[in-house]
Amino acid sequence: MIKNFINGAYAAAADGRTFEKRSPVDNRLLTRIAEASEADVNAAVDAARAALTGQWGRFTVDERVHMLYAVADEIDRRFDDFLAAEVADTGKPVSIARRIDIPRGAANFKVFADAIKNVPTEFFEMATPDGLGAINYTIRRPVGVVAVVCPWNFPLLLMTWKVGPALACGNTVVVKPSEETPQTAALLGEVMNAVGIPKGVYNVVHGFGPNSAGEWLTTHPDVSAITFTGETRTGETIMKAAAVGARPVSLEMGGKNAAIVFADCDFDAAIEGTLLSAFVNTGQVCLGTERIYVERPIFDKFVQALKRGAEDLKLGVPEDIATGIGPVISQEHRNKVLSYYRKAVEDGATVVTGGGAPEMVAELREGAWVQPTIWTGLSEKSTVVQEEIFGPCCHIAPFDTEEEVIRMANDTAYGLSASLWTTNLRRGHRVSAALEAGIVWVNSWFLRDLRTAFGGAKQSGIGREGGVHSLEFYTELKNVCVKL
């Protein structure tokens, strides 16, 4: 059984409640999870609050940096344990998790340790009426107990993307992982103990949202700040909770991201990049591409090339090195994705490839499998073009002018990311500036420097993460004025 991790120790729920975790690959029961009670959440917050003024609160920046490097090294030492846990929870191919999820999960601790060690501070001299002057300088102080509410698509990576900077800045955390992917958050508790992170600095409570760990954590009066990655509706609920006590929130939410392919692009590179952006991680990527706009002279060629690429993706078990695409996260999510597949047809889409549930071998038939799917022919106002599906699918539409495609790409409630493919440098700069998105890639996708700002516009979120931008959220700035 996967237990809660509170004040440095693993414990079952106070009321004994548990829930199931099933494999997305074949629907077999993997384990049971201790569902945190309200008393457990209170205990976790109390432990985190106490740690702020305990040993952790007395650590210097250099001491915290040393500890976070040790955490990263211990994750690397236990790489295979984390890999097995992540793959079991998500069903994603080992080839992806080995290359992205676990290395980045460890690296986040070092990246933010370096960031806090090297972040500059302000210093100003000022005149005073007596002529002696004064000096002003700024110091950073931890914001306090941070609630970290995590998604299921990159469980370790996106959790440490928040825990890393929070701890680097001297905060303590209570993590609420997705109920779909609890294992690596729990396993990280063993790492924290092994390297000597003080008790109460890192805590994990398992459960759901309403009337469960998520609600009890985000409404707790002793939680100082809340950081969340997930769907927009949940983010809106968290924002309402944060309004009580005027607590800061960092919200990275949904996306309906566009790719724009101009006729002068490097065609092979555009196909390769768009295949990744539409289908990697079974389309369960907040930065993924579900809307593709292709300049009319190459539209038919592009559709056929992307079709061939999608049909070459092998659905299979995570351990098979040839597997190109795994299941979606759960039966519930599979049903949601398939409902959009049906809706697309009802709205008049041409199904270029896919469009339903694949026929899997007997031992995998109970898994959460869906086909990689491409549509054309839908209106820009179609439900499938406007709403985030979060599955391995995309709609491709033609365009004729730059002005037209910018208007179509921006016609969405979201604004997380976009990508464009062109060999015209001036056009690349011009269109990037016009797109209403927090991140724009030109001739690439998912190319990330962890020091850069990450976040979205409109309903895709509030705030920015990455490098010094994360430090702004996890610290309070204090000005000290000294009269000379």
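Predicted model: local features only at pLDDT ≥ 70, side-chain atom pairs only at ≥ 80, totals over all residues.

The dialogue below treats sheets, cysteines, salt bridges and a surface patch in turn.

Q: How do the strands of a sheet pair?
A: Strands of a sheet pair through backbone hydrogen bonds, and the pairing may be parallel or antiparallel. In this structure, an open sheet of three strands runs in the order 5-6-22 with antiparallel pairing. The twist in this sheet averages 25 degrees from one strand to the next.

Q: Why is one side of strand 5 and of strand 22 left without a neighbour in the sheet?
A: Strand 5 (123–126) and strand 22 (475–483) stand at the edges and each has a single partner strand, so one side of each has no neighbour in the sheet. Strand 5 is joined to strand 6 by four bridges, and the two run antiparallel. Within this pairing, Glu-125 stands opposite Ile-135 in strand 6.

Q: Which order do the strands take in the open sheet of seven strands?
A: The order is 14-15-16-13-12-18-19, and the pairing is mixed. Strand 14 (350–353) and strand 19 (439–442) are the edge strands, each pairing on one side only. A parallel case is the pair of strand 12 (residues 257–261) and strand 18 (residues 417–421), which share four bridges. There, Val-261 has Trp-421 of strand 18 as its bridge partner.

Q: How many disulfides does the structure hold?
A: The structure holds zero disulfides. To judge such a case, one looks for two cysteine sulfur atoms within 2.5 Å.

Q: How many salt bridges does the structure hold, and how is one read?
A: The structure holds 27 salt bridges. To read one, look for a side-chain nitrogen of Lys or Arg within 4 Å of a carboxyl oxygen of Asp or Glu. Arg-296 and Asp-400 are one example, with their side chains meeting at 2.8 Å, N to O. Arg-296 lies in the loop between strand 13 (289–295) and helix 11 (299–312), and Asp-400 in the loop between strand 16 (393–399) and helix 14 (402–410), so the pair ties together parts that are 104 residues apart in sequence. Arg-296 is partly exposed, with a relative accessible area of 44%, and Asp-400 is partly exposed at 43%.

Q: What joins Asp-264, Glu-402, Arg-427 and Arg-430?
A: Salt bridges that share partners join Asp-264, Glu-402, Arg-427 and Arg-430 into one network.

Q: Which residues form a nonpolar patch on the surface?
A: The patch is formed by Phe-123, Leu-132, Tyr-137, Val-482 and Leu-484, which together have about 470 Å² of accessible area. Among them, Tyr-137 is found in strand 6 (residues 134–142). Tyr-137 is partly exposed, with a relative accessible area of 32%.

Notes:
Residues numbered from 1 in each chain as written. Heavy atoms only, no water. Patch = residues over 30% accessible without salt bridge, like charges linked within 9 Å, V, L, I, M, F, W, Y side chains within 5 Å. Areas by Shrake-Rupley, 256 points an atom, 1.4 Å probe, with all protein chains shown as cover. Buried < 20%, exposed > 50% of the residue type's maximum accessible area, 1.4 Å probe, protein only. Pairing = 2+ DSSP bridges. Axes fitted to C-alpha atoms, helices over the stretch in contact; angles between N-to-C directions.
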